[in-house]
Amino acid sequence: LEFLYQNWVPGHGGALRIYPSDASGVLQKDAVDVEPRLDRFLLFWSDKRCPHEVLPAMAPRYAITTWYYSAAERTKALEMALDEQDIERARIEDEIARWKERTSERGGEHQPIPEVENTGIPGLFKSEPPANCSGYLIDLEELD
C-alpha cells in the first residue's frame with residue numbers, strides 16, 4: 001500500500017488502523033494507526049494475521065494497493081470469489097422477490113422512473129430526483 005496524499009494533515013482522517021494478530025487471528029497488541037503521509041509505503045499480510053480497516057476520511061483519499069498471491073492462494077481466492085458471487089446473487093434475487101411481493105400488495109404500483117436529461121458526461125444523466133435520491137442516474141452500460 002502506498003499513500004499518495006499531498007499536504008495531508010491529521011484532520012483529513014483516513015488513517016490505516018492495523019490490529020496486530022497471530023497466525024490464527026488472535027489480537028496480540030493494541031491497534032496501531034498509520035497516518036497516510038505522502039509516499040509512505042506499507043507491506044503487510046492482508047488476511048486474519050493482520051486485520052485492518054481505514055478510519056473515516058474527511059478529505060479525498062488517494063492510495064495504490066496491490067495484492068500478491070502464491071498459486072495456491074490465488075486458486076483459493078478464486079474459489080471464494082465464486083462462492084461470494086453465489087451468495088450475492090441469492091441476496092439480490094431475494095430482494096427482488098420481496099420487492100415484487102410488496103408492489104403486488106399495492107396492486108402492482110411502483111414509483112415511475114424519472115425523466116432524464118443528457119448532461120454531456122458519458123453515462124451520467126440529470127433527473128428530477130425522487131425523495132432521498134441524489135438527482136443523477138448512472139447508465140452503467142455507458143461506462144465501459
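Q: How many residues in the lining of the largest pocket are nonpolar, polar and charged by class?
A: The lining has 14 nonpolar, 4 polar and 6 charged residues. Here Ala, Val, Leu, Ile, Met, Phe, Trp, Tyr, Cys and Pro count as nonpolar, Asp, Glu, Lys and Arg as charged, and the others, Gly among them, as polar. The model is a predicted one, in which local features need pLDDT of at least 70 and side-chain atom pairs pLDDT 80 or more, while totals for chains, interfaces and linings use all residues. Residues are numbered from 1 along each chain as its sequence is written, and side-chain values use heavy atoms, without hydrogens and water.

Q: Which element gives the most to the lining of the largest pocket?
A: Helix H1 does, with 4 residues. H1 spans 71-105; helices (H or I, at least four residues) and strands (E, at least two) are DSSP runs, numbered from the N terminus.

Q: What makes Asp 86 and Arg 89 a salt bridge?
A: The term requires a side-chain nitrogen of Lys or Arg within 4 Å of a carboxyl oxygen of Asp or Glu. The closest N and O atoms of Asp 86 and Arg 89 are 3.1 Å apart, so the pair meets the definition. Both residues lie in helix H1, 3 residues apart, about one turn of the helix.

Q: Why is Asp 86 called partly exposed?
A: Its relative accessibility is 44%. Buried means under 20% relative accessible area and exposed over 50%, with partly exposed in between (1.4 Å probe, protein chains only), so Asp 86 counts as partly exposed. Arg 89, with 45%, is partly exposed as well.

Q: How do you know that Glu 95 and Arg 98 form a salt bridge?
A: Their closest N and O atoms are 2.2 Å apart, which is within the cut-off for a salt bridge. Glu 95 and Arg 98 are 3 residues apart in helix H1, so about one helical turn separates them. Salt bridges that share partners join Asp 94, Glu 95 and Arg 98 into one network.

Q: Why are strands E3 and E4 said to stand at the edges of the sheet?
A: The open sheet has 3 strands in the order E3-E2-E4, with antiparallel pairing. Strands E3 (32-34) and E4 (52-54) each have a single partner strand, so one side of each is left without a neighbour in the sheet.

Q: What makes E2 and E4 a pair?
A: Two strands pair if DSSP finds at least two bridges between them. E2 (residues 16-18) and E4 have 3 bridges in the antiparallel sense, so they qualify. In E4, His 52 is the bridge partner of Ile 18.
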